[in-house]
Amino acid sequence: MVCEAQLSATFYSRTCPKAVSIIRNSISRAISRERRMAASLIRLHFHDCFVQGCDASILLDETPTIQSEKTAIPNLNSARGYEVIEAAKREVERACPGVVSCADILTLAARDASVAVSGPSWNVRLGRRDSTTASRTQANTDLPSPFATLDTLVSAFANKGLNAKDMVALSGAHTIGQSQCFLFRGRIYSNATDIDAGFARTRKRGCPQTGGDTNLAALDLVTPNSFDNNYFRNLVQRKGLLQSDQILMSAPTTSRTVLDYSRNPRLFASDFGSAMIKIPYRPLLWLQTGPPLVDSGLWVPPD
């Protein structure tokens with residue numbers, strides 16, 4: 001008999017009781033080697049969930065029958081952290097072969113990455129199965145653009161069951177991480193009224209009008225490696241790096257939330273965790289006679 005899977009924080013308590021701690025330790029080691037990896041893992045999880053749900057489809061490589069999401073425009077030469085998930089998967093496989101899905105590993109990795117850089121924690125429900133299909137087309141259309149208008153952003157999140165407040169909270173992940181020059185060049189050279197002139201001058205030093213497209217800049221200059229509410233303080237001061245960040249201040253529907261978070265870091269942390277839990281996962285099916293197992297066609301990291 002087949003029924004809809006029910007996710008549970010204790011899903012692996014019998015089949016792989018050390019899974020959560022193995023993954024947490026693996027992610028912690030990766031971030032201790034490279035602090036930036038925390039932002040990369042959170043983003044990788046987000047980009048996975050916005051396409052087909054949280055099913056690890058972003059990890060699938062190109063094959064004759066799969067158009068990999070890795071090569072979608074928002075991910076190509078941008079999404080990173082695949083090797084960190086591979087390492088965690090290998091460690092879990094040694095302890096419990098064929099039990100823990102890559103989708104659950106990626107979901108736990110996002111939470112553990114946040115905690116590793118002093119960010120919030122949240123309850124992660126487990127029991128996802130991994131996709132054997134990917135959608136480069138959906139990745140190209142559904143993942144929010146750094147150049148999007150506010151209405152487009154609100155609509156993109158609403159299509160995933162997330163409201164404007166969730167969107168603002170999740171945008172707060174940009175309190176850590178970096179962006180490439182070509183994604184914010186237009187903003188810093190725009191001479192627009194929604195960008196602080198001194199901030200623009202500072203950013204121009206590492207991002208010339210021509211060339212240097214892949215030059216990196218911290219999304220938050222003040223505390224680039226700490227998960228805090230400084231991102232929202234930046235927006236209030238017209239110092240958002242990406243247009244899709246600063247645009248949150250352009251309408252009361254989102255600017256009120258930005259102001260609230262800029263003044264109350266605990267509120268932001270709480271709402272961020274709640275929004276991460278709401279990020280959609282694809283309803284999956286499993287046999288009532290047993291728990292979801294790793295699909296036979298699942299992506300598995302090489303030894």
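User: Why is D166 called buried?

Analyst: D166 has 9% relative accessibility. Buried means under 20% relative accessible area, exposed over 50%, partly exposed in between (1.4 Å probe, protein chains only). D166 therefore counts as buried. This is a predicted model: local features need pLDDT of at least 70, side-chain atom pairs count only at pLDDT 80 or more, and totals for chains, interfaces and linings use all residues. Residues are numbered from 1 along each chain as its sequence is written, and side-chain values use heavy atoms, with hydrogens and water left out.

User: What makes D166 and K278 a salt bridge?

Analyst: Their side chains meet at 2.6 Å, N to O. The term requires a side-chain nitrogen of Lys or Arg within 4 Å of a carboxyl oxygen of Asp or Glu. The pair therefore qualifies. D166 lies in helix α7 (residues 164-171) and K278 in helix α13 (residues 265-278), so the bridge ties together parts 112 residues apart in sequence. Helices here are DSSP runs (H or I, at least four residues), numbered from the N terminus.

User: Why is K278 called partly exposed?

Analyst: Its relative accessible area is 39%, so K278 falls in the partly exposed class.

User: Which residues does the salt bridge of K70 join, and how is K70 classed, buried or exposed?

Analyst: K70 pairs with D61 at 2.5 Å, N to O. K70 has 18% relative accessibility, so K70 counts as buried. D61, at 40%, is partly exposed.

User: What makes L143 buried?

Analyst: The value is 6% relative accessibility, so L143 counts as buried. L143 sits in the loop between α5 (136-142) and α6 (150-158).

Notes:
Helix = DSSP H or I, 4+ residues; strand = E, 2+ residues; numbered from the N terminus.
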